[in-house]
Amino acid sequence: MNRTVSNRIDRRFAALKAQGRTALIPYITAGDPAPAYTVGFMHACVEAGADVLELGVPFSDPMADGPVIQKACERALVHGTQLRHVLEMVAEFRQRDTETPVVLMGYLNPIERMGYDVFTRQAQASGVDGVLVVDMPPEEAGDNAALFAEHGLQSIFLLAPTTSEARAKEICKYGEGYLYYVSLKGVTGAATLDADAVGEQLGKLRRVTELPLCVGFGIRDGEAAAAIGRVADGVIVGSALVGRIAERADDPTSIPAALKSILGEMREALDRDAVG
C-alpha cells in the first residue's frame, strides 16, 4: 500500500536495523487491573527497553487468547473499559512519549460498534500507529485497511506455522509495519517453543517479504527472548507480562517494577546477543 504518512513503526524498525538490534514488543491489556494504571504501565515498559507497545483492547470473547489474557480482559471489562477509553489512554501516553510506536491489538466488534470512520479519526488523533485485528484477515480487510491507511494506521497481520505458502504470500502483500508470526499452534500462553523451527519458517517468509518479522507466543524469559531474537526482527511478549499483572492485581503500584524486571532481563539478553 502507498503510504502518505511517515509512521513511527517504520522509523523504529529502520533505526533498530541500522543498530543491529532486535525489537522488544510487550503486550498488555488496557484497563487491567484498572484503567487508571495502564498509562503508567506503558511508560514502565518503555523505560525497561520496549521498542514498540502492543495495547490490547478488552473484549468479552477473545477467542485467540489463552486463559491469562482472557482473565485480563475480564478484569478490564469489570471496570467498563471500552475502546474509547483505550484511545484516551494512548492520548495520555503521548503527552510524555511522542516516539514509541503504539499498536492496538484486539477484535473487530469494538471497532464496528464505534464505527470505522470515527475509530480511525480518533485513533490517529490519539497517536495510534498500527492496528492488529485478530479476526480481520487480509482477504476481508479491503476498505477497512484502506481507511486505516488514509489515517496513518498500519494494518498488521498474523501468520502461523499452519499458514500455507500461497496464503503467506498474500498476507505479506497486504501487511504493513511488521508481521506477527505466531510461533506455536494454539492460543496465547501456550508452552513449548522451538527456535530452530521458527527460524526455518522465518527464512521462508524472508523470501517473499521485506517487512520485519516479529515472533510472539511462548516467550517467557530472557533465554527464550534471546533464542528467538537470533532469528527474528522482533520479540513479542504478552502472557508472561499479563501473568505478572494478575499476580499483583491487588497491589497495582508494585506492577511497574515487576514489568521492568522481566522486560529488563529480555532487553539485556537481546542486546547481549546483538553486541556478541
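**A few notes on this model**

1. Let's start with a loop: Phe217 sits between β8 (213-216) and α10 (222-229). Please keep in mind that this is a predicted model. Phe217 is not a glycine, yet its phi is positive, at about 85°. Most residues other than glycine have a negative phi, which makes this spot worth a look on your screen. With a relative accessibility of 10%, Phe217 falls under the 20% cut-off and therefore counts as buried.

2. The peptide bond from Asp32 to Pro33 is cis, its omega being near 0°. For context, most peptide bonds are trans.

3. Stepping back to the whole chain, the protein contains 12 helices and 9 strands. Its radius of gyration is 17 Å, close to the 19 Å that the globule rule gives for 276 residues, so the protein is as compact as a globular protein of that length. The C-alpha trace spans about 45 × 40 × 35 Å along the principal axes.

4. Among contacts with a separation of 6 or more, 73% join residues 24 or more positions apart.

5. Now the surface and the charges. The protein exposes about 11900 Å², and carbon and sulfur atoms supply 48% of that area. There are 27 positive and 37 negative side chains, with the centres of the two sets 3 Å apart.

Methods:
Residues are numbered from 1 along each chain as its sequence is written. This is a predicted model: local features need pLDDT of at least 70, side-chain atom pairs count only at pLDDT 80 or more; totals for chains, interfaces and linings use all residues. Side-chain values use heavy atoms; hydrogens and water are left out. Helices (H or I, at least four residues) and strands (E, at least two) are DSSP runs, numbered from the N terminus. The radius of gyration is taken over C-alpha atoms; the globule rule is 2.2 Å times the number of residues to the power 0.38. Contact means heavy atoms within 4.5 Å. Accessible areas come from the Shrake-Rupley method with a 1.4 Å probe; for residues, only the protein chains shown count as cover. Lys and Arg count as positive and Asp and Glu as negative; His and the chain ends are not counted. The place of a charge is taken as NZ of Lys, CZ of Arg, CG of Asp or CD of Glu. Buried means under 20% relative accessible area, exposed over 50%, partly exposed in between (1.4 Å probe, protein chains only).
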